[in-house]
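Good morning, and thank you for making time for this presentation. Please bring up the sequence and the structure, and we shall go through them together.

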Amino acid sequence: MTDRRAARLGLVGALVFVVAQLTVGVAWSVSHDDPTVLQLTRRCLEREKGLAVEPPIGDAVAATARGGALRTVVEGNLVTISVAASAAEVERLHAGYAAPGDPGSRLDVHGRYVALWLREPSPTQRQATYDCAY
Amino acid sequence: MPTERRIRAFPVAVAAILVAEAVLLAWNAWRFDWLRGYDAYANDRYADIVSTEYRLPSEAESGTWHTPPLWFALAGALRRLADAVGWEPVQRPGQLLAAAAGLAICVLVFLLARTLWPERRLLQLLALVLTATSPALLRASAMYHPETLAVALGTGGALVAIRGLKGRMTIPAAVCAGALLGLASLTRAWALPVLAAVVAACALDGWRRRHWAPSVVVLGSALVLLAPWLVNQQAAHGSALAFNRAAPSEPLLDRRPASFYLGPRALRAFGHPVTPLFRNELLPHLYADWWGDWALTWDSPPPPAPAGLLPSTVVAERARQAWVGVVPTLLALAGVLALAILANARRSAALAVLPLTAVGVAAAYVLFAVRFPSTDGDTIKGTYLLMALPAAGIGAAFVVDALRPRGRAWAIATVCAVTVLVALQLPFLVL
């Protein structure tokens, strides 16, 4: 047995192992989609908070959120929630909502989430959205 | 003349790599916040209790009570010394001890490669560089943690055994190997598979030569050092290999879901290799943590709370590490297999030590991870497998050296490729 032959056999064995693991990974990613942050948030708001969730039609800022956006009504207060993918995008969305005029405390930033409320949210309204943050 | 120059250049290159590694390890240990290392607070309590009260901590006093005491005794003594001279933080000398052990591992891996293939300088150099730039080693060397000392002692024991097995194993060599492996096991239980591998290799050699004494002496001298600890654990905690949590009662194979074994989200390790993705999926989780920093304890803000955002550079840097790790990982796996094949074909016990070590450590680790499942994934860490690093580094170097075409140009090309590999990793490796 030469060194070269042993190394070749070892390489073949290692390749088989790695390819097997990658095959499992590819098969999984083709057949499954991990839920996105938006999907997790929507599911939480619907199932755990019992809210009706819909797409934010007519909101030009929310439409540009890379993580997607949704709209719901919490305790009678309409809120549009956008999901950002980076801190820079949070800034951009915030600036987008603030451009026409300062929305004050109606605009709430919580980590990756930028929420625009129709009226100033109460603590319980705000908490309902925080509970569904991922 | 050119040959003479090359002969002189080799020790200079080795020395330069070791000096650079020493500076890097010391720098990282100095910069790394000791509290961000694994089990840092529990380790400090243990070291404090051992060095000031001269006893082992109880289960209530330190979460790492199950870890053997050697490193804690040394770190504790250094801690007292630092306290006496007013050095803050008092844990820093313990981190520097871990860094010194990290450097010792690099030296020992080089010596191992030199012992096995004295004429193959490129192989020796590659083994040294691949080990010295292993992210798992560099991270562990900055922590206030016993892992690197255990690996250094275990690798020292393996080196003495391999030197003995290359010729005819003498009793003094067997005593020395056993003592080093006993001390390693008295530092971390992960050294036990290395002890088993060395004893098995010595037994194989003994069987061939009808000379059993060395294997018995290796085991005996290790057990002389280790037995008091094991007896204490058995008496005090009901198991010689007790862990800081009880194992679930269900059958072993029911303790982990299929995803633990299959690693279905393996591809995510190349896009977003940080917590909480693919948590508890053994291979992707281990791979991401070995090459990067899955749990975000290295040069990054702590893992964000729900809704929190990680800086994009943190994820991008770890994703780059995951891509960089593909070829070396493949080579390391190939190397361990190749050494096993070669050892079997040549009936060489000396060659068998490293693959036996790697297989033993991997098997012990999988058994541990299955035996003690955890929802937060804290029993899956790349540093737990550091004991297999010498086998992986030398194995990878062996495959590269065996398969590369001969000639100076190819040697230079190999060195250039390794230099690129190192350069790509430097931003992550230097704190």
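This is a predicted model: local features need pLDDT of at least 70, side-chain atom pairs count only at pLDDT 80 or more; totals for chains, interfaces and linings use all residues.

Before any counting, one convention is required: helices are DSSP runs of H or I with at least four residues, strands are DSSP runs of E with at least two, and both are numbered from the N terminus.

Followed along the sequence, their pattern is α-α-β-β-β-α-β-β-α. Along the principal axes, the C-alpha atoms of chain A fill a box of roughly 80 × 30 × 25 Å. Of the 134 residues in this chain, 30% are buried. Turning to contacts in chain A with a separation of 6 or more, 44% are between residues 24 or more positions apart.

I now come to the sheet. The five strands form an open sheet with antiparallel pairing, in the order β1-β2-β3-β5-β4 of chain A. At its edges lie β1 (53-54) and β4 (107-110) of chain A, each of which pairs on one side only. Helix α2 of chain A, residues 37-47, packs on this sheet and touches β1, β2 and β3 of chain A. The direction of this helix makes about 15 degrees with that of β2(A).

Let us consider β3(A) and its partners in more detail. Strand β2, residues 69-74 of chain A, runs antiparallel to strand β3, residues 77-83 of chain A, and six bridges join the two. Within this pair, T72(A) is placed opposite V79(A). What do β2(A) and β3(A) form together? They make a hairpin with two residues between the strands, and E75(A) in the turn has a positive phi of about 50 degrees. The other pairing to describe is between β3(A) and strand β5, residues 113-117 of chain A, which is antiparallel and extends over five bridges. Here V83(A) faces Y113(A) of β5(A). As to burial, β3(A) is mostly covered, with five of its seven residues buried.

Next, a helix pair in chain B. At what angle do the axes of α15(B) and α16(B) cross? Helix α15, residues 349-371, and helix α16, residues 389-403, have axes that come within 8 Å and cross at roughly 125 degrees. This angle makes α15(B) oblique to α16(B), and the crossing is left-handed. On the α15(B) side the contact is made by L354(B), P355(B), T357(B) and A358(B). On the α16(B) side it involves P390(B), A391(B), A392(B), I394(B) and G395(B).

The C-alpha atoms of R346(B) and A258(B) are separated by 38 Å, the two residues being 88 apart along the chain.

Conventions:
Residues are numbered from 1 along each chain as its sequence is written. Chains are lettered from A and ligands numbered from 1 in the order in which they are written. Two strands pair if DSSP finds at least two bridges between them. Two residues are in contact if their C-beta atoms, placed from the backbone, lie within 7 Å. Axes are lines fitted to C-alpha atoms, for helices over the stretch in contact, and angles run from 0 to 180 degrees between N-to-C directions. A residue is buried if 20 or more other C-beta atoms lie within 10 Å of its own, exposed if 12 or fewer, and partly exposed in between; C-beta atoms are placed from the backbone. Angles under 35 degrees count as roughly parallel, over 145 as roughly antiparallel, 65 to 115 as roughly perpendicular and the rest as oblique. A crossing is left-handed if the near helix is turned anticlockwise from the far one by less than a right angle, and right-handed if clockwise.
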